[in-house]
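Hi,

Here is the structure I promised to send over. Have a look at it first, and then read my notes below.

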Amino acid sequence: MAMEAKKKKKLKVVTAAGAVVALAATFVVLLLSASPLEPILSWSNGYRLQTRNWWSEPSSQPLEWRPCRWWSQHSASAEKSNGFIIVECAGGLNQMRRDFCDGISVARLLNATLMLPRFHTSNYWNETSGFADIFDAEYFIQQMKGFLHVVKELPPYLASKPPVVVDCHKRKPFDYIETVLPVLLEHKLVIINPAASQRADRYPIWAKATRCQACFKAIRLVNHLESKAKLILDRIPRPFVALHLRFEPDMIAYSRCSYQNLSSSSLEAIEAVREGRPAFTGNLADNWRRRGKCPLTPVEAAFILQALRLPTNIPIYLASGGGLLEKDGFMKVYSNTYEKKDFLDTQFLKQLRGNSKAAIDYYVSLKSDLFIATYFGNMDKMVVADRSLINTGKTVVLNRKVFAEAISQGLNGSHLAYRVWQTHKALLDNGNHLPLPDCFCHSNAGQE
């Protein structure tokens, strides 16, 4: 019944003239009122005209992003393989996908044959899925032809041989050719954990092209997960926003930030996973927050969305993990909010593991009319790049640094909201606000 009630909600149509009058009147009210982060629900009535821009009106000087020319002009994969590389991946789905992408460029750099990756099982993520349980392995292998040779199984002469493990994280600076290649040539089978200390932008073009192809062209979901994501897209009211709201206990503990006015249950959940990472205090904590290092609370996210003139009755899909804290504070403002449980069968949801849930959220975010990232993490980087590739909808990455700096300067209420709006409006207008990987170039700037 709750689901049906949500579906019956309609977005009211306001004429352009009426919206302009309401916009002016509402903004005057805002300048005279509003406590620091108190949600101002009347904003949605005053910004109807501006809301149209989110869906249809282009940027004043749009910069279209397309795959760089060198991506498609790569050198063919080497005819002779130096051996087999297996990439070990741990963490959440998008962290493992990131590590796998890094490992792919290493395999090409070393002229190796790539085995499908090992996804670690994790009690924390409630996860036992492998790569082929989430992604279409056959499709991946086919799409990588001409870039890199990929196989599902080792040849018989290596199948029973123990691989040599090279932990790339422990060596800084790290050079794969100097360190891994001799081991690969000797043993023919190596397991690696890719190291962030080796900068991918220093790879040869053909290795970079292989990484781009693997990350943004060769990976797609298995059919049964994609079909569930499409079911959500069919059922959710359109247009809708996919919001990646990051405020889980482990995320907060990792950031080493502290927060005021959280519930006791939220504070307990955060402290339970601190694990030797106490929150910063004093000047260090203030400087860290002003640098935009602290995840936005759901209440802060709601305030910023209102500052960006997003109506409070717009349908919003929460692309977030099950451990999201303080979400009630967001839903008090944006009540027309949906989650997977609003669309998918309860029994199916019980069978879903962490990677599968993240995969569904990823696909819905990819196809949403507007995608908003509150913290530019692994999933956000993939979604932003993939949305640019297929040129779908609009994408916004919230600027936590500007928000934190404005608060530190004493701005609040409508003054804080106006600062946030002006910052994001400028980024949207110049069309150059998306932090994309170097696989993409400005098509209208002649950089393809």
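Let's start with a bond: Cys-212 and Cys-439 form a disulfide, with 2.0 Å between their sulfur atoms. In case the word is new, a disulfide is a covalent bond between the sulfur atoms of two cysteines. Here it is called whenever two cysteine sulfur atoms are within 2.5 Å. The torsion about this S-S bond is about -85 degrees, so the disulfide of Cys-212 and Cys-439 is left-handed. It links distant parts of the chain, 227 residues apart: Cys-212 sits in helix H11, and Cys-439 in the loop between helix H22 (413–430) and strand E13 (440–442). Helices (H or I, at least four residues) and strands (E, at least two) are DSSP runs, numbered from the N terminus.

Before going on, two notes on the background. This is a predicted model, where local features need pLDDT of at least 70 and side-chain atom pairs count only at pLDDT 80 or more, while totals for chains, interfaces and linings use all residues. Residues are numbered from 1 along each chain as its sequence is written, and side-chain values use heavy atoms, with hydrogens and water left out.

(Buried means under 20% relative accessible area, exposed over 50%, and partly exposed in between, with a 1.4 Å probe and protein chains only.)

How many disulfides are there by this rule? The count comes to four. Another of them joins Cys-101 to Cys-215, S to S 2.1 Å. Cys-101 belongs to helix H6 (residues 93–109) and Cys-215 to helix H11, so this pair ties together parts that are 114 residues apart in sequence. Cys-101 is buried at 0%, and Cys-215 is buried at 1%.

Then there is the disulfide from Cys-257 to Cys-294, with S to S 2.0 Å. This link is left-handed too, with -90 degrees about the S-S bond. Its cysteines are 37 residues apart, Cys-257 in the loop between helix H13 (249–255) and helix H14 (264–271), and Cys-294 in the loop between helix H15 (282–290) and helix H16 (298–307). Both Cys-257 and Cys-294 are buried.

If you number the bonded cysteines in sequence order, the pairing reads 1-8, 2-4, 3-7, 5-6. Cys-89 is in no disulfide: the nearest cysteine sulfur belongs to Cys-101 and is 9.0 Å away. Cys-89 is also buried, at 0% relative accessibility.

Back to helix H11 (residues 205–216), which also holds Thr-210. Thr-210 is buried, with a relative accessible area of 0%. Which residues is Thr-210 in contact with, leaving aside neighbours within four places in sequence? They are Ile-104, Arg-108, Met-144, Phe-147 and Leu-148, where contact means heavy atoms within 4.5 Å.

Finally, the sheet. Five strands form an open sheet in the order E10-E9-E8-E11-E12, with parallel pairing. Strands pair if DSSP finds at least two bridges between them. E10 (337–338) and E12 (394–397) stand at the edges with a single partner strand each, so one side of each has no neighbour in the sheet. Strand E8 (residues 241–244) pairs with strand E11 (residues 370–373) over four bridges in the parallel sense, and Val-241 stands opposite Leu-370 in E11.

Happy browsing!
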